[in-house]
Amino acid sequence: MQCYIIPFAFQISLVLNIFLNTFQISKTSEYDPLDLFSGSKERIHMAIKSFLSTTQNNFRIFVDGSLVFGGMGGGADSVHPNETEKCLEDLSKVTGLQLSDFIELLSEAIFKSGVLGKLLATQKLDDHDIEGAIHLYYNIISQPCLVCKSITDTELLRKYSTLHSLPLDKSEKIVRDFLISATAKDCSLMISFRPRQSGTTDSEYDSVFLDSVNQSYDYKVLM
């Protein structure tokens, strides 16, 4: 395993399914997943600003491997509202970037990489959900469907019998797509940055140029 040491890195953890009755939150988040996945740099910019105002375990920033913003806990607010401003001031001191520059850098990298479009396409692979995939699972293991045994609705049985009549290769594809999609719906996205050295023109990493500080940054996206 290779280890890359970079001046600063941050991790975005996207939690799109939040059970509000399980955790207590001090403030309703302004984050809208439709902004983040819109494909518009301006709306991505809005989503990141909302992460910074109400994190709720959706957004974490690491500097040299140390957590500087966000929390590692469950569904409650990751950063107490009274501590948010200080965390952001500390972040600016360490990275040398003003908050507006930092948000612009992250927005540009997310937009340019196209990673969220690929993630969304993967999430959409499933078109049967668990209610359909479970029947196809029983097709694959060649066992009587326990779900159908408990159903008394004739219309539903007729609907699911169509699924049970699918050939094995089709059943395997649908279940595989369901599992891949379910994984993509509950994943974290990590983006690491480092300032590109002056005069360097070739790199194995993609890069973005930040006009406000006249600096190029290499970045790498991991899911």
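Asn214 is exposed, with a relative accessible area of 60% (exposed means over 50%, buried under 20%, and partly exposed in between, with a 1.4 Å probe and protein chains only). Asn214 sits in the loop between S5 and strand S6 (215–222), and its phi is near 55°, a positive value in a residue other than glycine. The model is a predicted one, in which local features need pLDDT of at least 70 and side-chain atom pairs count only at pLDDT 80 or more, while totals for chains, interfaces and linings use all residues. Residues are numbered from 1 along each chain as its sequence is written, and side-chain values use heavy atoms, with hydrogens and water left out.

Overall, the protein has nine helices and six strands (DSSP runs numbered from the N terminus, helices being H or I with at least four residues and strands E with at least two). Of the 223 residues in the protein, 39% are buried.

Asp129, however, is found in helix H6 and is partly exposed, at a relative accessible area of 40%.

Strand S5 (residues 206–210) contains Ser207. With a relative accessible area of 19%, Ser207 is buried. Leaving aside residues up to four places away in sequence, Ser207 touches Lys112, Arg196, Tyr217, Asp218 and Tyr219.

Now to the helix packing. Two packed helices are described by the angle between their axes and the distance between the axes. Axes here are lines fitted to C-alpha atoms, for helices over the stretch in contact, and angles run from 0 to 180 degrees between N-to-C directions.

H2 (residues 41–53) packs on H4 (residues 99–113) at an angle of about 130°, with the two axes 9 Å apart. The pair is therefore oblique (angles under 35 degrees count as roughly parallel, over 145 as roughly antiparallel, 65 to 115 as roughly perpendicular, and the rest as oblique). The crossing of H2 and H4 is right-handed; a crossing is right-handed if the near helix is turned clockwise from the far one by less than a right angle, and left-handed if anticlockwise. On the H2 side, the contact draws on Lys41, Ile44, His45, Ile48, Lys49 and Leu52, and these meet Leu99, Ile103, Glu104, Leu106, Ser107, Glu108, Ile110 and Phe111 of H4. Sorted by class, the contact of H2 with H4 holds eight nonpolar, two polar and four charged residues (Ala, Val, Leu, Ile, Met, Phe, Trp, Tyr, Cys and Pro are nonpolar, Asp, Glu, Lys and Arg charged, and the others, Gly among them, polar).

Against H8 (residues 154–164), the angle is about 50° and the axes are 9 Å apart, so H6 and H8 are oblique to each other. Their crossing is right-handed. H6 contributes Glu131, Gly132, His135, Leu136, Tyr138 and Asn139, and H8 contributes Tyr160, Leu163 and His164. The contact of H6 with H8 divides into four nonpolar, four polar and one charged.

The axes of H6 and H9 (residues 168–184) come within 9 Å and cross at roughly 135°, which makes H6 oblique to H9. This crossing of H6 and H9 is left-handed. By class, the contact of H6 with H9 has nine nonpolar, two polar and two charged residues.

H9 also carries Arg176, which counts as partly exposed at 45% relative accessibility. Arg176 and Ala133 are 43 residues apart in sequence, with their C-alpha atoms 9.2 Å apart in space.

As for the cysteines, the structure holds zero disulfides (pairs of cysteine sulfur atoms within 2.5 Å). Cys145 is in no disulfide, and the nearest cysteine sulfur, that of Cys148, is 3.6 Å away. Cys145 is buried at a relative accessible area of 8%. Cys187 counts as buried too, at 19% relative accessibility.

Note on methods: Contact = heavy atoms within 4.5 Å.
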